[in-house]
Structures are given as C-alpha cells and as structure tokens.
Amino acid sequence: MEYFLTEEQQMIKELAARIAEERVKPVAAELDEKEEFPWEIMSILAEADLFRVWVPEEYGGLGGGVFEQALVVEELSKACSGVAVSYAASGLGAFPILLYGSEEQKNRYMPDIASGKRLAAFALTEADAGSDVSAIATTAVKDGDDYVLNGTKQWITNAGDAEIYVVIAVTDKSKGARGSSAFIVEKGTPGLSFGKKEKKLGIRASSTREVILENCRIPKENLLGREGLGFVVAMKTFDKTRPGIGAQAVGIAQGALDVAVNYARERVQFDQPISSFQGVQFMLADMATQTEAARALVYSAAKMADSGVGNISKAAAMAKLFASDVCMKVTVDAVQVLGGYGYMREYPVEKMMRDAKITQIYEGTNQIQRSIIALELVREAARKSRK
Amino acid sequence: MHIVVCIKQVPDPSQARIDRETGLVIREGVDKIINPYDLYALEESLRLKEAHDGQVTALSMGPPSAEDVLKDAVAMGVDHGVLLSGRDFAGADTLATSYALALAVQKLESVDLIICGKQAADGDTAQVGPGLAANLDRPHVTEVRKIRHIEEDKMVVERLTDTGYEVIRLSLPAVITVVKEINEPRIPGLRGMMRAKKAQIPAWDAEYIGADPQRLGLKGSPTRVWRTFEPTRHGQGEMLRGTAGEQAVLLWEKLRGRL
C-alpha cells in the first residue's frame, strides 16, 4: 500500500528500517534470551536522531509528531519490539511534559529526551490500580515549597534505566479521579528507588520494574499543569501514544508475515513449496490483509493525533485495539505456517507471538479500549440528538 | 587537524554481474554506492575529528553522479566534500587517479592526514593510496587496523599482516589506508542527512587543480586491459554427511582412493 509519505518521513522510515535490519535483528534473539536492556541500540537510535523525530524544533527536535514516531516504532518492531517499546516508552514519559509542562519544564527536560541522552518513563499503574486508574494509592502531600510522594508504581516500562519519570499521585483523595496530579521525578532524587526487573512473557529486552517512592521530596515546580489534572494528563497522553502501540503491533505482525512468506516459499513438502498449497496461501493472504488494514487505521489515527483536531480518544483507541488484535492473530498464524520450526527459538516467530500479547494489554487493555470507543459513540449520538 | 578522506563511487558489489561477451562489469541498472572500504576511512576520520577537534574533507574523483557519495559523507559528519569531475579525468587508471587526487589535496589547506579505504570494490587494485603518497612525497602505511596514537607531527599505527600486525611510527602529513577491522562505521543521523541534502559540493576541473592534461584520464593511463574473463571453476566441493566419526571414515576412504 502507498501512504504517500513526505520525503522526510520516507527518510525516517528508511533509517529506522536500516537500523532495525543491521543492528537490531542480529541481536534480537540474544536480547530476548538474556533479558538485557538494549543500551547499545538506544545509543545508536540517539545518534541517528530518532528520539528527535516527534519533538518540536524549539526543544531540539525535528518537529514531527505521533506519525513520525509511529514510523520508527513500526520499523523497530519488525526486528524486536522489546527494543521498540524501550524507545517508545521514552515518548510515553515525555508526552505529559510536552502537553502540560510549563515552558521552563519543557526547556529543562525535552532537549535531553530529544537527544536520547536521557530516557523518560511514565508511572501510573499500581498493584491495585490497573484499568481502574482512579484507584491509585500513591500520594503526594504538599509540604511548604515541596511535595512529598509515597507509594509504589508497578510494571513501569524503562523504570530503573530512565532518568525522567512522570508520576501520577493522589493530591486530594476526596475528589476521586479529579484528585490526582502529575509530577516530574528525576532519578537520583532521595526516596526514589526501583524494584527488581520483572520476568516477562515477551518484550524481554525492555525493562519493567516497580517505581518505589518513600518520602520522596520534590520541589513544587515539578508539578505538571495544576493539581487535580493527573487523570486528564494520563488520558490525553494515551491519546497521543496509543497509535504508537498500534504501530508496534503492526510492526510485529509485518515482521512475522515476512518470515512466514519467505518460509512458505522455501519449505518443501510433498515435493512442492508449501506456498503452493491453498491452505497456506489463504492464511498468508488473510495475515497480509489484516496487517495492512491495521496499518491504515494506525496511520490515520496518528495523523489525527498530529492534526490538532479536538477529541481523538476514539480513533486512538480503535487503532490500538484493532492493530493489537490483528498482531496477536497474525503472529499465532505465522507460527502455524512455520509448523514445528515456528515453535522453536531458532526461528523468530515464537518470540513475535510472545511479544504480541502485551500489545492487547498495556496502555489500556483492549476491553478498556472498547469501553472508550463505546462511550465516545454514545456521547456523539447524544450530542447529535441534542441539536 | 585537517584530515582528507578519499572516497569512490562504485557499483554495488552485492548486485555485481559480469557481461560474459565483453568481460566487463555491467553498470546499467546497478545501484551506485560508496565503496564499502571507504566507510571505514570516513569513520576513522570522524573519530579523529571528534577526539582532536579537527575538520574532515571528503574527496572523490568521478562523474557528476559521484556527488551522491560525497553527500553520504557529509551525512555521516564530514565538513566538506570536493568532487573532481570533468572529461579530462575520464578513463583514468590508478596512476592518473593518484596524480589528480594529489593535486587536489595540494589545493586544500594544511592537510595533516589522508585516509583511504584499503582498496575499491570494483577495481580491487589497492594502488591509489600508495600512489597518492608517492605523488605527494609523503610516507604511507597500508592496511592500518588501528591508530594507536596521533599528535601534531607524528602517529603510531598498527598494520595488519598475514600473521599478525606491525607497529609503525610515521611522520605527518602522511597517507594511510585502512582495513575493516579498524572500526564499525556509523549510520548517519537524520540531521546529518538533512544537512547533506542542502550541502553544496564544489566540482573542481583539471584546470582548477593545475593538472597537466597529458597525465590525466585515458591519456595519462599506461594501464591497458588485455582481456577480462570470468575464471572457469574446476572441480566441485562435496559435503560429507553423518557423525564426525562417519565423516572421518568417508574422508579416509576418499583420500585412500586418490593415493
């Protein structure tokens, strides 16, 4: 499919593809096996200016947006989505600052994030607050010119390796969802520590840890926006980053499809390549069609996110939901096409299948995405009937 | 420190095919890329530049299309590109090429070091680096695998040999050619690529560098290609299968049959 990328977007896509092919693919299996954070690849991405693509020029970026970031994430995910999510999670940590940060906060943090010198992370989820964001128990108490944070965040991507954290904490419990606020916490702040690295099914190169806040004192200047905005910060951030999860899913699916097609051409059974069997052909055709449909939806949502149109929650949720479901199905089918070989770690598709699963879960489970979509549908209909 | 890197545009070796009739490399429909060995020369020059606060000029001789590889070099981080181009240069062998490049180097200001890839992937002669040094009357070392040390007027390098390496000290300015063991070339970043798109690459002709036309191009090239041909392959490899023990027995039987 032709998406009519601009010259600059084409350049970004080709560069990301080159790094994925030359520097990521050869080490993907090893990174998965060793569950090692891909520092070397992060510095290659930084030197290639890829952390700059979605950052405005005034903060050291190249002035692109969600769409450009999605192009990079998709290409990296074809080779290793553990690498891709480590890259993308820095964006997840940075979008709250871009969206709600003061000029001073943006000038202070964004240039280092754009250069890739420092990674960012976003800390929202807790042991008892997953889909139900209003259940968070981490607190931030104002004390003179400071806030003092206490609580434990769970399953935070890039935790421990990132240096800039956006943490959502409760500032006024009586206000429920409107009683939380977003704060910037820098690594090295006394009272900030990290749990052990979690053992995961997939995306094993990425690091996932607890973020532990014990009387962690930060200056009040680190509040993002104003008190009570925490929930809004999180939701508006996800609107910007869910197309990126969609792009990750599209990349994994495309990577698996590419392996499956090549394998089907080469694998001979009953004296002919298995690509000549209709049973295999139909699987490949469906995989390709679904992946392309997912890509089209993700690109549309990403472009909407960059366009400045009002509410993009529904589009972002649809892109994330559809692409991740497609990704799961396509990777399972890719393993099937490769048969016994697909099940073995010598071939990359079993990893892709393991990596696929998380895209249906994080940044809002696909059930939450459906709730968002349905809610928006009802709201839109109600608005129309009022007119 | 001013470093000059000589680079060449070549047909992509991974797509290379030979015309069986003429014995010549088929250039049509084949992508033209920067000679792969030259990437190591570029990378080394950029590392020296970053460590010693210098500047790097990339120099190439070729048709106007060779501007592309100079832009690739700018994307990687070199400061300037210079293209030697014009009808006079066409058909040059390594002697005429070395002569022209040497004159171009002399046009540049206070050059401390010239780095070339060990050879070009199309001609495979490995002669231009040493030829350049001879024309400039400067010392040279080929097949450098490591620069141990460099200062204002001298450097110490390791030269790769069949059995190990030699450590050589030489005075600057000098010419070195480098092997792929020396570094891992960087992938150019987006900002570099954008700078490269806008970069102006000056094209110098024979007159500008003050060259004697008789020593340039085909006229200045004593090398005549007598015949090129694809070598015929003799014999065929045979894979032995089975366990190591079974393979050893098979091998022994085959060898015994030959004795």
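This is a predicted model: local features need pLDDT of at least 70, side-chain atom pairs count only at pLDDT 80 or more; totals for chains, interfaces and linings use all residues.
**Stop 1: the largest nonpolar core**

Start by selecting A:Leu50, A:Trp54, A:Tyr87 and A:Leu149. Among the 123 residues of the largest nonpolar core, these four touch the most other members. Now colour helix H6 of chain A, residues 230–266: with 13 residues, this helix gives the core its largest share. In soluble globular proteins, nonpolar side chains tend to be buried together.

Stay with A:Tyr87 for a moment. Which residues does A:Tyr87 contact, leaving aside its neighbours within four places in sequence? Show A:Met42, A:Leu45, A:Leu50, A:Phe51, A:Val53, A:Trp54, A:Gln69, A:Val72, A:Val73 and A:Leu76, and you have the list.

There is also a second, separate core, made of 37 residues. To find it, pick B:Val5, B:Tyr40, B:Leu46 and B:Met76, which are included in it.

**Stop 2: helix H9 of chain A**

Next, select residues 349–359 of chain A, which make up helix H9. Eight of its eleven residues are buried, so the helix is largely enclosed by the rest of the structure. The buried ones are A:Val349, A:Glu350, A:Lys351, A:Met352, A:Arg354, A:Asp355, A:Ala356 and A:Thr359.

**Stop 3: strand S6 of chain B**

Move to chain B and select residues 113–117, strand S6. Is this strand largely enclosed or exposed? Five of its five residues are buried, so S6(B) is largely enclosed by the rest of the structure.

S1 of chain B (residues 2–6) pairs with S6(B) in the parallel sense over four bridges; look for B:Ile3, whose bridge partner is B:Leu113. S10 of chain B (residues 174–178) also pairs with S6(B) in the parallel sense, over five bridges. Here, B:Ile114 has B:Val175 as its bridge partner.

**Stop 4: a patch on the surface**

Finish on the outside by selecting B:Leu251, B:Trp252 and B:Leu255. Together they form a nonpolar patch on the surface, with about 320 Å² of accessible area. Zoom in on B:Leu255, which sits in helix H6 of chain B, residues 244–258. B:Leu255 has a relative accessible area of 45%, so it counts as partly exposed.

Terms used
Residues are numbered from 1 along each chain as its sequence is written. Chains are lettered from A and ligands numbered from 1 in the order in which they are written. Side-chain values use heavy atoms; hydrogens and water are left out. Patches are made of residues with over 30% relative accessible area and no salt bridge: like charges are joined within 9 Å, nonpolar side chains (Val, Leu, Ile, Met, Phe, Trp, Tyr) within 5 Å. Accessible areas come from the Shrake-Rupley method with a 1.4 Å probe; for residues, only the protein chains shown count as cover. A salt bridge is a side-chain nitrogen of Lys or Arg within 4 Å of a carboxyl oxygen of Asp or Glu. Helices (H or I, at least four residues) and strands (E, at least two) are DSSP runs, numbered from the N terminus. Buried means under 20% relative accessible area, exposed over 50%, partly exposed in between (1.4 Å probe, protein chains only). A nonpolar core is a set of buried Ala, Val, Leu, Ile, Met, Phe, Trp, Tyr and Cys residues joined through side-chain atoms within 4.5 Å. Contact means heavy atoms within 4.5 Å. Two strands pair if DSSP finds at least two bridges between them.
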